[in-house]
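Q: I would like to learn how to read the features of a new model one at a time. Could you walk me through a few?

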Amino acid sequence: MTSLIATAAIAPVFSQPGVRAEQVTPLILGETAALLERSGDWRRVCTHVDGYDGWIHSGYLSEVENPAAEEWRGRAGGWSEGAVVRIGGGGIPLPLRARVVLDNDVVGLPDGHRGRIVNGCVRDMTQVVSGARAKAPERWAFEYFFGSPYEWGGVTPWGVDCSGLVQTTFSARGVTLPRDSAQQVFHGAAVSLDAIRPGDLLFFKGESSAGITHVAFAGEADTLVHSTLACGGMLVEPWLPGSRAAGLRERLVAVRRLEDR
């Protein structure tokens, strides 16, 4: 059986084999996926991180046998916090949550290159988890994503959507969540609408449909911490009556509280 490792900083996963298709999620550098099908230069994959099915161009990937992919995942204990690595005289940016091999201030990339960290940070995943859990999830999300542009299917500060923000935030805490808000709602403990507290996940239905289309963190002082197309990116905003986001109150359909585990 064949697996795939993302060798590009961000490898877009498309709904169909073509760059004009919808991007449904990305595979971040060092993350892996199972190969399901080939079509020319395109590979249909199932991502190991969340089981997402889609198509990636082979130019973003390295194809290896399953044991090699398992060995890579075992060695790639480093998590990028926006590091820049010096390789061959140039600086290569590693997005948040990229997985690499960490050896003091030198990192190993999935394509075999090694380089020294010249900016930012790569930390061992155990340190990432303990550090993230020391903060409230909405605070961690704010610190790493505030001002990031909205991007459908995005999961990093280079571009992020509402559910990508939630997934990456909890990934840093060692908690695996599905990719989409309609799937994330099935995780965590249900909370009544009158018992919301900061850090809870708020799920909203669409303007013209009953299905869940948006998720946000509840923030302090009756605010939302989320990434929304309506504002172009990730922000903190009030949703009190009279505010821009007040209309979301009528669309709130579920609240979930996730515990670190």
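**Reading the model, feature by feature**

Q: Is Cys-231 buried, partly exposed or exposed?

A: Cys-231 has a relative accessible area of 35%, which makes it partly exposed. Here buried means under 20% relative accessible area, exposed means over 50%, and partly exposed is in between, with a 1.4 Å probe and protein chains only. Before we go on, note that this is a predicted model, in which local features need pLDDT of at least 70 and side-chain atom pairs count only at pLDDT 80 or more, while totals for chains, interfaces and linings use all residues. Residues are numbered from 1 along each chain as its sequence is written, and side-chain values use heavy atoms, with hydrogens and water left out.

Q: At what angle do the axes of α3 and α4 cross?

A: Axes are lines fitted to C-alpha atoms, for helices over the stretch in contact, and angles run from 0 to 180 degrees between N-to-C directions. Helix α3 (residues 137–145) and helix α4 (residues 162–171) have axes that come within 10 Å and cross at roughly 110°. The two helices are therefore roughly perpendicular to each other; the classes are under 35 degrees for roughly parallel, over 145 for roughly antiparallel, 65 to 115 for roughly perpendicular, and oblique for the rest.

Q: Which residues of α3 and α4 meet?

A: A contact is heavy atoms within 4.5 Å. From α3, Pro-137, Trp-140, Ala-141 and Phe-145 meet Leu-165, Thr-168, Thr-169 and Phe-170 of α4. By class, this contact has six nonpolar residues, two polar and no charged. Ala, Val, Leu, Ile, Met, Phe, Trp, Tyr, Cys and Pro count as nonpolar, Asp, Glu, Lys and Arg as charged, and the others, Gly among them, as polar.

Q: What is the strand order in the six-stranded sheet?

A: In general, strands of a sheet pair through backbone hydrogen bonds, either parallel or antiparallel. Two strands pair here if DSSP finds at least two bridges between them. This open sheet runs β17-β22-β18-β19-β20-β21, with antiparallel pairing. At its edges stand β17 (189–190) and β21 (233–238), each with a single partner strand, so one side of each is left without a neighbour in the sheet. Strand β20 (residues 223–228) pairs with β21 over six bridges in the antiparallel sense, and Thr-228 stands opposite Gly-233 in β21.

Q: Where do the two helices lie on that sheet?

A: α3 lies across β19 (212–219), β20 and β21, at about 100° to β19. α4 also packs on the sheet, where it touches β18 (201–205), β19, β20 and β21, and its direction makes about 50° with that of β19.

Q: What does Ser-181 touch?

A: Ser-181 is in helix α5 (residues 181–184) and counts as buried, at 7% relative accessibility. Leaving out residues up to four places away in sequence, Ser-181 touches Ser-163, Phe-203, Ile-212, Thr-213, His-214 and Val-215.

Q: How many strands form the open sheet that includes β9 and β10?

A: Seven strands do, in the order β10-β9-β13-β12-β11-β8-β14, with antiparallel pairing. β10 (90–93) and β14 (122–124) are the edges, each with a single partner strand, so one side of each is left without a neighbour in the sheet. From one strand to the next, the twist averages 45°. Strand β9 (residues 84–87) and β10 pair over four bridges, with Ile-87 opposite Gly-90 in β10.

Q: How many residues of strand β3 are buried?

A: Six of the six residues of β3 (residues 23–28) are buried, so the strand is largely enclosed by the rest of the structure. β3 pairs with strand β2 (residues 10–14) in the antiparallel sense over five bridges, and Ile-10 stands opposite Ile-28 in β3.
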